[in-house]
Amino acid sequence: DKGVSAFIEDVESRGLGDQILLVITGEFGRTPRINKNGGRDHWAGLAPLMLYGGGLNRGQVIGQSARDVGTPATEPITIKHLVATILHTLFDVGQLRVQASIPRDLERALAAWEPTPGLL
């Protein structure tokens, strides 16, 4: 937490909040229930994700877990949403699509995948 907050404070003090996109995520969450050993196991149903900067709309929480905190209560944010959000932050998508050298997989992702709703 201290490292993340120090990084964000440094970026803000330099006026670079729109030029830098910080992505913090995990590959899995933790089980909604404590196991027999008093801990929590890996849980693929939900995972943490935080985005900062990059010109995104700030100060919001997108998505919500169900009451059991084990499944999404709202439309899930997927890897495709995350990748599309990052791509739309990094590139002028309209300009990128007209370049002949763009890899086919990247072109397909730009055409078919939607950024996270509410961030751009």
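A residue is called buried when its relative accessible area is under 20%, exposed when it is over 50%, and partly exposed in between, as judged with a 1.4 Å probe and the protein chains only. By this criterion, 20% of the 120 residues of the chain count as buried. The structure is a predicted model, in which local features need pLDDT of at least 70 and side-chain atom pairs count only at pLDDT 80 or more, while totals for chains, interfaces and linings use all residues. Residues are numbered from 1 along each chain as its sequence is written, and side-chain values use heavy atoms, with hydrogens and water left out.

The secondary structure comprises 4 helices and 4 strands, where helices (H or I, at least four residues) and strands (E, at least two) are DSSP runs numbered from the N terminus. Read along the sequence, these elements follow the pattern α-β-β-β-β-α-α-α. The chain is more spread out than a compact globule, because its radius of gyration is 17 Å, well over the 14 Å that the globule rule gives for 120 residues; this radius is taken over C-alpha atoms, and the rule is 2.2 Å times the number of residues to the power 0.38. Along its principal axes, the C-alpha trace spans about 55 × 35 × 20 Å. Among contacts (heavy atoms within 4.5 Å) between residues at least 6 apart in sequence, 58% join residues at least 24 apart.

The largest pocket has a volume of about 910 Å³. A pocket is here an open set of points on a 1 Å grid over the protein atoms alone, with protein on both sides within 12 Å along at least five of seven lines, and its lining residues have an atom within 4 Å of a point. Of the 34 residues that line this pocket, the closest to its centre are Ala47, Pro48, Leu49, Ile62 and Ile77. Both β4 (49-53) and α2 (79-90) supply at least two residues of the lining, and the largest share, 5 residues, comes from β4. By class, the lining has 18 nonpolar, 13 polar and 3 charged residues.

Threonine 85, placed in helix α2, counts as buried at 0% relative accessibility; leaving aside neighbours within four places in sequence, threonine 85 is in contact with Leu51, Leu56, Pro115, Thr116 and Leu119. Threonine 116, found in the segment after α4 (104-112), is also buried, with a relative accessible area of 6%. When residues up to four places away in sequence are not counted, threonine 116 touches Ile62, Ile77, His81, Leu82 and Thr85.

The loop between β4 and α2 contains valine 69 and also glutamate 75. Valine 69 counts as partly exposed, because its relative accessibility is 43%. Most residues other than glycine have a negative phi, whereas phi of valine 69 is positive, near 50°. Glutamate 75 has a relative accessibility of 65% and therefore counts as exposed. The C-alpha atoms of glutamate 75 and alanine 44, which are 31 residues apart along the chain, are separated by 16 Å.

Terms used. 1 Å grid on protein atoms, 1.4 Å probe; cavity = no way out; pocket = protein on both sides within 12 Å on 5 of 7 lines; lining within 4 Å. Points joined across faces, edges and corners; volume = space filled by probe spheres on them. Nonpolar A, V, L, I, M, F, W, Y, C, P; charged D, E, K, R; others polar.
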